[in-house]
Amino acid sequence: SFDIPSDDPDENPVTLTVSGTGTQTVADITVTDSIGSAYDLQMPFGNLTKGLFMEGVVKITNDGTANLIIGYIALNDPLKLPFEILNDNCSNKVLAPTEHCAFTVSFAPTMTGAFNDSFDIRSNDADENPVTVTVSGTGLSSANNNPPSIPKLVYPVNGQTGLGTTVKFKWEKCTDPDL
């Protein structure tokens, strides 16, 4: 409260009371990905034949009330092949509240075996710094990729005569031994 003095004989001084509630503005990072559970900070790429690749998107959102300042993604913990960060639109970026950015993580095994790695996302979020995302995947030999069976003609029988001008072919369904 504070007083306002005056020469008013019946209202001297006038006392005013003020109050308020302060709020703290903080940055709050939320990291989601498009592989597996969105919020678990894990990207399990699964089994992939060597020579092929798979990509997943990582999204960073500022759920706070202050600007989120993101450092260089994976600066202190870079991904090793067969994992790679592509299309990085988040490193060294400032996100206003509710803004987001995204980048791609790829898995492209060139040999067989299980692969695991992780990378850090550093920011000015006081209680979540850094956020660590784990990636995993298994490279399979191309020998493990067996071709599907050859389709067999059921109708018309090979060499069949007396068919009309319009013929409807019927094939035996193929099977894939890898599924």
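A residue counts as buried when its relative accessible area is under 20%, as exposed when it is over 50%, and as partly exposed in between (1.4 Å probe, protein chains only). By that rule A74 is buried, with a relative accessible area of 7%. Welcome to this predicted model, in which local features need pLDDT of at least 70 and side-chain atom pairs count only at pLDDT 80 or more, while totals for chains, interfaces and linings use all residues. Residues are numbered from 1 along each chain as its sequence is written, and side-chain values use heavy atoms, leaving out hydrogens and water.

**Strands and sheet**

- Strands here (E, at least two residues) and helices (H or I, at least four) are DSSP runs, numbered from the N terminus.
- Strand β3 (residues 29–33) is mostly covered, with five of its five residues buried.
- From β3, I29, V31 and D33 point one way, T30 and T32 point the other way, and all are buried.
- Two strands pair if DSSP finds at least two bridges between them; β3 and strand β5 (residues 54–62) do this in the antiparallel sense over five bridges.
- Within that pairing, V31 has I60 of β5 as its bridge partner.
- An open sheet of three strands runs in the order β4-β11-β10, with mixed pairing.
- β4 (42–49) and β10 (113–121) stand at the edges with a single partner strand each, so one side of each has no neighbour in the sheet.
- In this sheet, β4 pairs with strand β11 (residues 131–140) in the parallel sense over six bridges, and M43 stands opposite V135 in β11.

**Aromatic rings**

- Rings of Phe, Tyr and Trp (its six-membered ring) pair if their centres lie within 6.5 Å; planes under 30 degrees apart count as stacked, over 60 as edge-to-face and the rest as tilted.
- The whole structure holds five aromatic pairs.
- The ring centres of F83 and F107 are 5.0 Å apart and the planes are at 25 degrees, so this pair is stacked.
- F83 belongs to strand β7 (residues 83–86) and F107 to strand β9 (residues 100–107), so the pair ties together parts that are 24 residues apart in sequence.
- Both partners are covered: F83 is buried at 2% relative accessibility, and F107 is buried at 0%.
- Ring pairs also link F45, F83, F107 and F115 into a cluster.

**A salt bridge**

- A salt bridge is a side-chain nitrogen of Lys or Arg within 4 Å of a carboxyl oxygen of Asp or Glu.
- A search of the whole structure finds one salt bridge.
- The side chains of D120 and R122 meet in a salt bridge, at 4.0 Å from N to O.
- D120 is buried at 11% relative accessibility, whereas R122 is partly exposed at 33%.

**Backbone details in the loops**

- A cis peptide bond, with omega about -5 degrees, joins N12 and P13; P13 is in the loop between β1 (2–4) and β2 (14–16).
- Another cis peptide bond runs from L81 to P82, with omega near 20 degrees, and P82 lies in the loop between β6 (68–69) and β7.
- L41 is not a glycine, yet has a positive phi of about 60 degrees.
- L41 sits in the loop between β3 and β4 and is partly exposed, at 27% relative accessible area.
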